[in-house]
Amino acid sequence: MSRAFNFCAGPATLPEAVLKQAQSEMLDWRGTGMSVMEMSHRSDEFVNIAETAEQDLRELAGISDDYAVLFMQGGASSQFATIPLNLLGDKTSADYVNTGIWSKKAIAEAKRYADVNVAASSEDTGFTTIPEQSVWNTRADAAYLHYTPNETIGGLEYDFIPDSGDVPLVADMSSTMLSRPVDVNKFGLIYAGAQKNIGPSGLVVVIIRKDLLGKARQQTPTMMNYQVIADNGSMYNTPATYSWYLAGLVFKWLKEQGGVQAMGEINARKARKLYDFIDGNDFYANPIDPRFRSWMNVPFTLADDALNSEFLKGADARGLLNLKGHRSVGGMRASIYNAMPEEGVDALIDYMAEFAKERG
Ligand code: PMP
C-alpha cells in the first residue's frame with residue numbers, strides 16, 4: 001500500500017516523514033516505555049515536548065516575547081466566539097471583513113456578543129475578489145478588526161495585510177498559517193485550526209499580543225479565557241497532548257525544509273503551475289480574481305459538470321484523492337498545503353491534461 005496524494009482541504013495530508021517518526025515513536029517514546037498519548041501532561045517528558053513545539057513555532061513564525069502562544073481545543077470555530085468574549089473589553093463593536101464562508105461564520109458567531117460592523121464585503125462578486133482597503137468602512141472605536149487571510153472554500157487569499165491603525169488586527173489563518181512569511185508584529189491575534197498546515201484537527205493555535213490578555217468578559221467560560229490559558233501554559237485542563245506532539249514534529253519538519261521562506265517559494269511555485277495550467281486549458285476554469293488566488297486551495301470547474309464524477313473516479317484510480325469541491329460551490333478543489341509535495345501537483349496536472357484531451 002503506497003501513500004496517495006491527498007488534496008483534502010482538512011484534515012489534510014501530513015508530511016510522510018512526520019507520520020513515520022510518529023509511527024516509530026508510537027509504542028515507546030524515547031525509552032519511556034509508553035506512547036506520548038499515554039503520558040501525563042505534567043510529566044517532564046511531555047512538558048519538554050510542549051515547550052519545544054512552542055519554541056520551534058516561535059522561531060518559524062518569528063513570534064516575539066510580546067506574544068503568548070496558546071495551544072487550545074475546539075478547532076478554529078470555537079475561536080469565533082472566544083475572540084469577541086476576550087477582546088471586546090469595555091467596547092461594544094467589532095469590525096469584520098466578509099470575503100467568504102469562513103468570514104461569514106465568524107461574523108454570525110460574533111453577532112451573539114458584539115455589535116458587528118461588516119466593514120467590507122465581496123459577496124456581490126460571489127466572493128471572487130477582495131475589496132481594496134481604501135473602500136473599507138472601519139470604525140475607530142472598534143475593539144478589533146477581523147479578517148480571513150485565506151478563504152479555504154472559495155480559494156481566495158489576501159495579498160496584503162490590512163492596516164488597522166491602533167485597532168488590533170485579528171486573523172483567521174487556519175488555511176494559510178506557516179505557508180509563507182508573515183510579519184506577526186502587525187497582528188493583535190492570529191488563530192489557526194491545526195488540520196491544514198500544523199497537525200491533527202481539534203487543536204487550534206492562538207498567537208495573542210500580551211497586552212490583549214486579561215480583558216475577558218465576566219461570563220467567558222474559563223476554558224475560553226485567554227488569560228487563564230496563558231497563565232497555565234495551555235494546561236489549565238488536560239491539553240490535546242498527542243496533537244500538540246504531532247504539531248511539534250511538523251514544526252521540526254518545517255525547519256528542516258528551510259522554514260516559511262523556503263515553504264513560501266515552493267508553495268508559490270506549486271500554485272503558479274496549477275493556475276497556469278488551468279488558465280491555459282479551455283476545459284478548466286477558476287473564477288477568482290488572479291491577484292487574490294489562494295496558494296493553498298485551488299478550486300476549478302470542468303467545462304461540463306456532467307463529467308465531474310467521471311473526473312473524480314479517474315483521479316481516485318490514480319491515487320489523487322479528495323478533489324471534490326466543497327458542497328456549497330461544487331466543481332473541484334485541490335488543496336495544496338505545505339505537506340503536498342510538488343510531485344503531487346505535477347501528477348494532478350498530468351491527469352487533468354489527459355482527461356481534458358480525452359473528454360474535452
Ligand atoms: N476557518 C477557516 C479559514 C477554515 O478553513 C476552517 C476549517 N476548514 C475553519 C475556520 C474551521 O475550523 P475547525 O473545523 O477547526 O473549527
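Student: What makes the crossing of helix 3 and helix 4 right-handed?
Tutor: Helix 3 passes helix 4 in the right-handed way. The model is predicted, and local features need pLDDT of at least 70, side-chain atom pairs 80 or more, while totals for chains, interfaces and linings use all residues. Residues are numbered from 1 along each chain as its sequence is written.

Student: Why are helix 3 and helix 4 called oblique?
Tutor: Their axes, lines fitted to C-alpha atoms over the stretch in contact, with angles from 0 to 180 degrees between N-to-C directions, cross at roughly 45° and come within 9 Å. Angles under 35 degrees count as roughly parallel, over 145 as roughly antiparallel, 65 to 115 as roughly perpendicular and the rest as oblique. Helix 3 and helix 4 are therefore oblique.

Student: What makes helix 1 and helix 6 oblique?
Tutor: The axes of helix 1 (residues 16-24) and helix 6 cross at roughly 135°, so these two helices are oblique as well.

Student: Which residues of helix 1 and helix 6 make the contact?
Tutor: Contact requires C-beta atoms, placed from the backbone, within 7 Å. Ala17, Val18, Gln21 and Ala22 of helix 1 meet Leu246, Leu249, Val250 and Trp253 of helix 6.

Student: How many residues has the largest nonpolar core?
Tutor: It has 102 residues, and Leu189, Ala192 and Val205 have the most contacts inside it. Such a core is a set of buried Ala, Val, Leu, Ile, Met, Phe, Trp, Tyr and Cys residues joined through C-beta atoms within 7 Å. Buried means 20 or more other C-beta atoms within 10 Å of the residue's own (12 or fewer is exposed, in between partly exposed). Helix 6 (residues 241-257) gives the most to this core, with eight residues.

Technical notes: Helices (H or I, at least four residues) and strands (E, at least two) are DSSP runs, numbered from the N terminus. A crossing is left-handed if the near helix is turned anticlockwise from the far one by less than a right angle, and right-handed if clockwise. Two residues are in contact if their C-beta atoms, placed from the backbone, lie within 7 Å.
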